[in-house]
Amino acid sequence: MNAPDLRWPALTVPPRHFIGNRFVASRDERTLPMIDPSDGTAFASIARGVAADVDAAVQAAEQARERWGALAPAERGRSLARIAAAIARHAEELAFIEARDCGKPLTQARADAAACARYFEFYAGAPDKLHGTTIPYVSGYSVLTWREPHGITGHVIPWNYPLQIFGRSVGGALAAGNVCVVKPAEDACLSLLRVAEIAAEAGLLEGAMNIVTGLGAEAGAALVEHPGVRHLSFTGSPATGASVAASAAARHCPVTLELGGKSPQIVFADADLDAALPAIVNAIVQNAGQTCSAGSRLLIERSVYERTLDALGDRFSRLVAGPALADRDCGPLIRASQLARVRDFLDDADRRGIRSVATGRIADDAPTAGFYVAPTLLRDVPIDARVACDEVFGPVLAAMPFDDEAQAIALANASDYGLVAGVWTRDGARQLRMARALQSGQVFINNYGAGGGVELPFGGVKHSGHGREKGFEALYGFTTLKTVVLRHG
Ligand code: NAD
């Protein structure tokens, strides 16, 4: 298939931070190049923020904090609804920015832009429903609880789903009455600067949503350490998450951590394979496997092991990786070092004698300077192999057989991670036994949502993090609870 005759639209996002509803140059005016993963060329630049820029953003947020928190909840909701509608109107423009910046096939970037709008829409309905409780206490007393915003919340966003993760994190924090300072990833963040501009055009209170771009060790660390930031929401790798949590602990700042995963998909012999196979492929190929909730381990009951691998191999051999604009099954990886990392996993598997069932191919029109890897299905992967234990963050699926339910549970839980799990079986009792037994923040039964919908609480156990984002549940993390005890006799 030839790539459609599409071109990238001209980029309108300047190399500036977005502070107090306007674009602002970095204090020391340094910039960083943005690389197009599809062809390896620099196509834009961003401001390289330093501590002074973060401080300016925190000050702008501080100016907005009381006014935003004092708005009637329904009014706050209406402001978020206007932002949701504006993002939806600009969805196609945002999808093109996201596709180029992340190397995502256009169809996936379109889904991400729609999800970003949907997060703001969902949270627009929340502020006037976020209520406290009354607690029966001793005679002569009344006790009530109030949900109050933290104040200024800090949001550290990764490069794999900037629009979606920004929507869920900032949408929820604003709904709860906080004002936000965001540090997006240096590899992909242009869509977020445009979203902030769109939000300002839609009438968002000046200073309620601020973005400082730059490196994790510079702007990111400055945000995490800033004493004015009273809650942190971090999405990224377990290693960085641990250092962010340690740094936040030093100043007693609460942190929500959304980290990685090594999520199992478990196929029992009675599974509906027609439904399971496309979902299993999509769960590892979506965003070229660079999804925290990617279904990267495949556990198959031995009696259907060969049959399932044959059918999956057939699907893998037809997968094609190509440039974002060509909108194929898979785009490139985000950067050269990520490509080297994925190749290293594959070399390691090769050295251990792990065989591949099938690989897809890289399209002929994929520029050689792009960061492409062919989707790969590996079989009989030992549970202690690196490719079975560590997050590859590439389109590599590690399959292994199991003999019974107990072994399936043991293999699934034999991981440092616990983000998402998929179970494929028609047996209703087993469905619930598995859901109970799996150490995982989400369990999908006879479907695999890779994170799931906007409404569904999302987050992990073990090294996958703690705290929940998405859904109404996230609002409890974005607020603190005050207990009021009144003695009236
Ligand atoms: P990363 O941890 O290197 O970077 C994530 C963000 O943290 C970036 O914005 C980066 O600039 C920033 N950062 C880096 N060092 C920092 C520091 N010292 N202080 C403050 N901020 C710092 O991760 P990555 O490689 O960009 O993303 C991939 C990882 O993220 C994978 O492990 C993936 O599973 C995970 N992830 C998890 C989720 C989730 O919701 N659970 C979603 C997306 C990605």
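## Exercises on a two-domain chain

The centres of domain 1 and domain 2, taken over C-alpha atoms, lie 31 Å apart. The model examined here is a predicted one.

**Exercise 1.** State which residues make up domain 1 and domain 2, and determine how many residues of each are in contact with the other.

*Solution.* Begin with the bounds: domain 1 comprises 17–260 + 467–483, whereas domain 2 comprises 264–449. Next, consider the contacts: 24 residues of domain 1 meet 28 residues of domain 2.

**Exercise 2.** Give the area buried between domain 1 and domain 2, and the share of it on carbon and sulfur atoms.

*Solution.* The size of an interface is often expressed as the accessible area lost when the parts come together. Here domain 1 and domain 2 bury about 2100 Å² between them. Of this area, 55% is on carbon and sulfur atoms. On the side of domain 1, Ser38, Trp159 and Gly260 provide 27% of the area buried against domain 2, more than any other three residues.

**Exercise 3.** Describe the polar and charged links between domain 1 and domain 2, then the composition of the side of domain 1 that touches domain 2.

*Solution.* Asp187 and Arg335 form a salt bridge in which the closest N and O atoms are 3.1 Å apart. Second, count the polar contacts: 13 residue pairs, both members at pLDDT 80 or more, link domain 1 and domain 2. Third, locate the helices: α3 (91–102) and α4 (106–124) each contribute at least two residues to the side of domain 1 that touches domain 2. Helix α3 gives the most, with 4 residues. Finally, classify the residues of that side: 12 are nonpolar, 7 polar and 5 charged.

**Exercise 4.** Decide whether Ser296 is buried or exposed, and identify its contacts beyond four places in sequence.

*Solution.* Ser296 is found in strand β13 (residues 295–301). The relative accessible area of Ser296 is 8%. The cut-off for a buried residue is under 20%, so Ser296 is buried. Beyond four places in sequence, Ser296 touches Lys262, Ser263, Ile284, Val396, Leu397 and Ala398.

**Exercise 5.** Decide whether Thr376 is buried or exposed, and state which backbone oxygen its side chain reaches.

*Solution.* Thr376 belongs to strand β17 (residues 376–379). Thr376 counts as buried because its relative accessibility is 6%. The side chain of Thr376 reaches the backbone oxygen of Ala374 at 2.9 Å. Apart from neighbours within four places in sequence, the contacts of Thr376 include Phe316, Leu346, Pro395, Val396 and Leu397.

Terms used:
Residues numbered from 1 in each chain as written. Predicted model: local features only at pLDDT ≥ 70, side-chain atom pairs only at ≥ 80, totals over all residues. Heavy atoms only, no water. Domains from an automatic or database assignment. Contact = heavy atoms within 4.5 Å. Buried area = accessible area lost by both parts, 1.4 Å probe. Salt bridge = Lys/Arg side-chain N within 4 Å of Asp/Glu carboxyl O. Polar contact = N/O pair within 3.5 Å; in protein donor to acceptor, adjacent residues only side chain to side chain. Nonpolar A, V, L, I, M, F, W, Y, C, P; charged D, E, K, R; others polar. Buried < 20%, exposed > 50% of the residue type's maximum accessible area, 1.4 Å probe, protein only.
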